[in-house]
Amino acid sequence: MSRADTQNKFLAVFEGIREELVGHMKSEKMPEDAIAWFNENLIYNVPGGKLNRGVSVVDTVTILLNRPPTDDEYFKAALLGWCIELLQAFLLVSDDIMDGSISHRGRPCWYRVSNVKRLGKVHNIAINDSCMLESAIYHILKNHFRRESYYVTYKTEMGQLVDQITASEDNIDIGKYTLPKHAFIVRYKTAYYSFYLSVALAMRMCGVPDVYELDGKTIEPYKEADRILIPMGEFFQLQDDYLDYHGTEAQIGKIGTDIIDGKCSWCVCTALTHGTETQKQFLFENYGKKGPKQAMREQAVKDMYDDDEGLKIPKRYEEYSKNTVAKINAMIELVPEPDTQDKLKGDRLRRDVFRAFLSKITDRTA
């Protein structure tokens with residue numbers, strides 16, 4: 001199946017979810033304009049991205065089963081995938097408000113939409129809309145998986161809190177920015193829900209136990225998944241940080257704002273780690289400084305990042321990416337695999353799960 005066909009099949013499940021959620025609001029006797037608004041909230045914010053997180057649940061289930069899933073298995077895997085996409089939408093809508101972002105996915109951020117089907121402008125209503133997207137996750141899980149427990153938001157929210165404390169709009173202090181702090185933020189804000197969660201949900205659905213024996217050894221598959229997927233998620237966010245400064249709006253679907261917003265990005269943490277005292281002082285004077293000269297200051301920081309005789313951020317990124325991919329591939333090779341007979345059961349971890357994920361993010365340009 002082509003990538004386009006894969007996405008279209010996955011999107012077809014979203015239409016059923018949207019109808020289910022809107023139908024629930026109707027059953028609660030909500031006003032027509034509120035129902036129409038919620039419907040537009042779902043359409044605008046949920047299915048517009050690359051859908052890698054959600055599709056990865058289906059991909060992982062297929063790999064673990066070692067066969068195409070049945071219609072029921074596909075539907076359940078896709079439901080779980082859309083729960084992750086709803087989580088992503090909730091985080092993007094709220095994050096854009098907190099960051100004051102302008103665009104996302106090549107369109108205005110939801111809170112900046114001036115008119116929703118003649119119902120009015122979004123503005124601060126987006127705060128409630130983000131909560132509605134989060135609540136939709138629990139409705140789906142209760143409706144379809146009420147005996148299961150797939151609620152994994154705490155670590156993401158903890159990372160979001162640290163991110164906001166570290167890069168407070170009114171009190172940016174890049175003296176606090178270090179590569180270990182960046183790694184901590186990324187681990188809890190991005191890596192768990194963008195990488196580990198997709199695989200963990202698929203593993204639970206396929207009946208992969210917490211512990212099993214293989215060739216006389218005790219295997220803890222969820223710890224194995226954590227060991228590989230968290231570094232992979234950190235690498236993914238590092239790519240985002242680099243593309244925010246180095247990519248164009250047409251390329252990444254948004255205007256990069258990390259420098260102006262004073263974000264704790266891999267780029268600035270690397271610059272502070274390897275820069276001279278003069279370069280560090282320059283960053284203190286120009287990074288995260290808003291005002292009439294912010295565009296000039298942003299470009300000056302980018303120029304310093306680009307300097308082949310100075311910070312060499314593109315070269316450092318290229319080297320880091322190459323080494324990271326090699327390390328992750330080496331980690332994947334250490335995952336204990338069962339023999340063919342056990343593979344067919346679908347309840348044992350396989351290396352191809354991680355290979356499939358890594359192939360999606362290697363050499364990213366968007």
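Two rings of Phe, Tyr or Trp count as a pair here if their centres lie within 6.5 Å. The model on screen is a predicted one, and by the ring rule it holds 14 aromatic pairs.

**Stop 1: a ring cluster.** Select Tyr242, Tyr245, Trp266, Tyr305, Tyr317 and Tyr320; ring pairs join these residues into a cluster.

Stop 2: Keep tyrosine 245 and tyrosine 305 selected. A pair of aromatic rings is described by the distance between the centres and the angle between the planes. For tyrosine 245 and tyrosine 305 the centres are 5.0 Å apart and the planes stand at 85 degrees, so the pair is edge-to-face, the cut-off for that class being over 60 degrees. Now show the helices: tyrosine 245 belongs to α8 (residues 221–246) and tyrosine 305 to α13 (residues 294–306), so the pair ties together parts that are 60 residues apart in sequence. Colour by accessibility, and both tyrosine 245 and tyrosine 305 come out as buried.

**Stop 3: two packed helices.** Select α4 (residues 71–99) and α5 (residues 125–145). Their axes are 8 Å apart, and the packing angle is about 165 degrees. Angles over 145 degrees count as roughly antiparallel, which is therefore how α4 runs relative to α5. The crossing of α4 past α5 is left-handed.

**Stop 4: the contact between them.** On α4, show the contact residues, including Phe75, Leu79, Cys83, Leu86, Phe90, Val93 and Ile97. On α5, the contact residues include Ile127, Cys131, Glu134, Ile137, Leu141, His144 and Phe145. How many residues of the α4–α5 contact are nonpolar, polar and charged? The division is 19 nonpolar, three polar and two charged.

Conventions
Residues are numbered from 1 along each chain as its sequence is written. This is a predicted model: local features need pLDDT of at least 70, side-chain atom pairs count only at pLDDT 80 or more; totals for chains, interfaces and linings use all residues. Side-chain values use heavy atoms; hydrogens and water are left out. Axes are lines fitted to C-alpha atoms, for helices over the stretch in contact, and angles run from 0 to 180 degrees between N-to-C directions. Helices (H or I, at least four residues) and strands (E, at least two) are DSSP runs, numbered from the N terminus. Angles under 35 degrees count as roughly parallel, over 145 as roughly antiparallel, 65 to 115 as roughly perpendicular and the rest as oblique. A crossing is left-handed if the near helix is turned anticlockwise from the far one by less than a right angle, and right-handed if clockwise. Contact means heavy atoms within 4.5 Å. Ala, Val, Leu, Ile, Met, Phe, Trp, Tyr, Cys and Pro count as nonpolar, Asp, Glu, Lys and Arg as charged, and the others, Gly among them, as polar. Rings of Phe, Tyr and Trp (its six-membered ring) pair if their centres lie within 6.5 Å; planes under 30 degrees apart count as stacked, over 60 as edge-to-face and the rest as tilted. Buried means under 20% relative accessible area, exposed over 50%, partly exposed in between (1.4 Å probe, protein chains only).
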